[in-house]
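Here is a short tour of a protein model, written to be read with the viewer open.

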Amino acid sequence: EVQLLESGGGLVQAGGSLRLSCLASGFSVDDNVIGWFRRPPGKEREGVSWISTSNGNTHYVDSVKGRFTISSDNAKNTMYLQMNSLKPEDTAVYFCAAGIYSGYAGADYWGQGTQVTVSS
């Protein structure tokens, strides 16, 4: 059974940092496009960042460029999202995903989500 388990969410003040982790089981993150989405309160889900574990290519949406860094540790089958200089508008439920396709159109597998709240 494929599972993605996020951790690392929480409450932080604006300007602070959090590091999200996503542990994958039931499949290998090798040669995959994995990444993060988020759903802000009252809004639709949106893409945040992805990484291609086969070649290391990454992508970030404009709103997080220069502040967020995505990485993966294939040996640990784990993905990370380092979030710095957090803003209140980053408040959302963050989901990790694997098998991302067509930009941020969708993914084959999803985690349950972890809440990130940034206070002003």
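## The β7–β8 hairpin

Let's begin at the hairpin of β7 and β8, where four residues sit between the strands and N77 adopts a positive phi near 55°. This is a predicted model, so the angles here are computed from predicted coordinates. The two strands, β7 at residues 68-73 and β8 at residues 78-83, run antiparallel and are joined by six bridges. Across the pairing, S72 faces M79 of β8.

N77 itself belongs to the loop between β7 and β8. Its positive phi occurs in a residue that is not glycine. N77 has a relative accessible area of 15%, and because the cut-off for buried is under 20%, N77 counts as buried.

D31 is another non-glycine residue with a positive phi, of about 55°. You will find D31 in the loop that links β3 (18-25) to β4 (33-39). Is D31 buried or exposed? With a relative accessibility of 64%, D31 is exposed, whereas N77 is buried.

## Around A98

Next, have a look at A98, a member of strand β9, which covers residues 92-98. A98 has 0% relative accessibility and therefore counts as buried.

Which residues touch A98, once neighbours within four places in sequence are set aside? The contacts are L4, F27, N32, V33, I34, A107, D108 and Y109. It is also worth checking A24: 74 residues separate A24 from A98 along the chain, while their C-alpha atoms lie 8.8 Å apart.

## The chain as a whole

Zooming out, the protein chain contains 11 strands and zero helices. In sequence order, the pattern reads β-β-β-β-β-β-β-β-β-β-β. Among contacts between residues at least 6 apart in sequence, 54% connect residues at least 24 apart.

What about overall dimensions? The C-alpha trace spans about 40 × 25 × 25 Å along its principal axes.

## Surface and charge

Of the 120 residues in the protein chain, 44% count as buried. The accessible surface amounts to about 6000 Å², and carbon and sulfur atoms account for 46% of that surface.

Terms used
Residues are numbered from 1 along each chain as its sequence is written. This is a predicted model: local features need pLDDT of at least 70, side-chain atom pairs count only at pLDDT 80 or more; totals for chains, interfaces and linings use all residues. Side-chain values use heavy atoms; hydrogens and water are left out. Buried means under 20% relative accessible area, exposed over 50%, partly exposed in between (1.4 Å probe, protein chains only). Contact means heavy atoms within 4.5 Å. Accessible areas come from the Shrake-Rupley method with a 1.4 Å probe; for residues, only the protein chains shown count as cover. Two strands pair if DSSP finds at least two bridges between them.
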